[in-house]
Amino acid sequence: MTVALYEQGVFTWPEWTAALSDALAAGEPEDAGYYTCWLAALERLLDQKLGTTGTERVALAGAWCRAASATPHGHPIRLENDPDAAANSLTN
């Protein structure tokens with residue numbers, strides 16, 4: 001995902017390496033492993049570059065899980081497959 005976002009121009013490689021380096025140096029969350037720091041760096045960088053928030057990321061993760069559950073095996077997972085998205089669009 002990090003490489004795909006980089007390739008789409010969301011951030012530069014030097015920005016990514018700085019974000020990862022900062023997360024590793026901070027060791028956040030405490031006693032975090034390498035991949036936990038990787039995720040923290042990616043989330044922080046996306047928040048900075050795209051203006052996302054933790055609340056939005058949690059909501060998107062939930063939508064992704066619901067869409068995955070609603071998607072037949074072997075088909076691509078698409079957020080529009082989220083059953084809650086269809087219900088929400090009817091009320092908006």
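Biologist: Before we start, which pLDDT do local features need?

Modeller: Residues are numbered from 1 along each chain as its sequence is written, and side-chain values use heavy atoms, with hydrogens and water left out. In this predicted model, side-chain atom pairs count only at pLDDT 80 or more, totals for chains, interfaces and linings use all residues, and local features need pLDDT of at least 70.

Biologist: Okay, how many helices are there in the protein chain?

Modeller: Helices (H or I, at least four residues) and strands (E, at least two) are DSSP runs, numbered from the N terminus. Along the sequence the pattern reads α-α-α-α-α. There are zero strands, and the number of helices is five.

Biologist: What percentage of the 92 residues is buried?

Modeller: Buried means under 20% relative accessible area, exposed over 50%, and partly exposed in between (1.4 Å probe, protein chains only). For the 92 residues of the protein chain, the buried share is 20%.

Biologist: Are H2 and H3 parallel, antiparallel, perpendicular or oblique to each other?

Modeller: Axes are lines fitted to C-alpha atoms, for helices over the stretch in contact, and angles run from 0 to 180 degrees between N-to-C directions. H2 and H3 pack at about 130 degrees, with axes 8 Å apart. Angles under 35 degrees count as roughly parallel, over 145 as roughly antiparallel, 65 to 115 as roughly perpendicular and the rest as oblique. So H2 and H3 are oblique.

Biologist: How many residues of the contact of H2 with H3 are charged?

Modeller: Contact means heavy atoms within 4.5 Å. Among the residues that meet are Glu15, Trp16 and Leu20 in H2, and Cys37, Arg44 and Lys49 in H3. Ala, Val, Leu, Ile, Met, Phe, Trp, Tyr, Cys and Pro count as nonpolar, Asp, Glu, Lys and Arg as charged, and the others, Gly among them, as polar. The contact of H2 with H3 has eleven nonpolar residues, no polar ones, and the charged count is three.

Biologist: Is Thr2 buried or exposed?

Modeller: Thr2 sits in helix H1 (residues 2-7). Skipping its neighbours within four places in sequence, Thr2 touches Phe11, Trp16, Trp38 and Leu42. Its relative accessibility is 4%, so Thr2 counts as buried.

Biologist: And how far apart in space are Ala25 and Cys37, C-alpha to C-alpha?

Modeller: Ala25 is in helix H2, and it counts as exposed because its relative accessibility is 72%. Ala25 and Cys37 are twelve residues apart in sequence, and their C-alpha distance is 9.2 Å.

Biologist: Last one: where is Thr52 found?

Modeller: At 25% relative accessibility, Thr52 is partly exposed. Leaving out neighbours within four places in sequence, Thr52 is in contact with Leu46, Asp47 and Arg57. Its place is the loop between H3 and H4.
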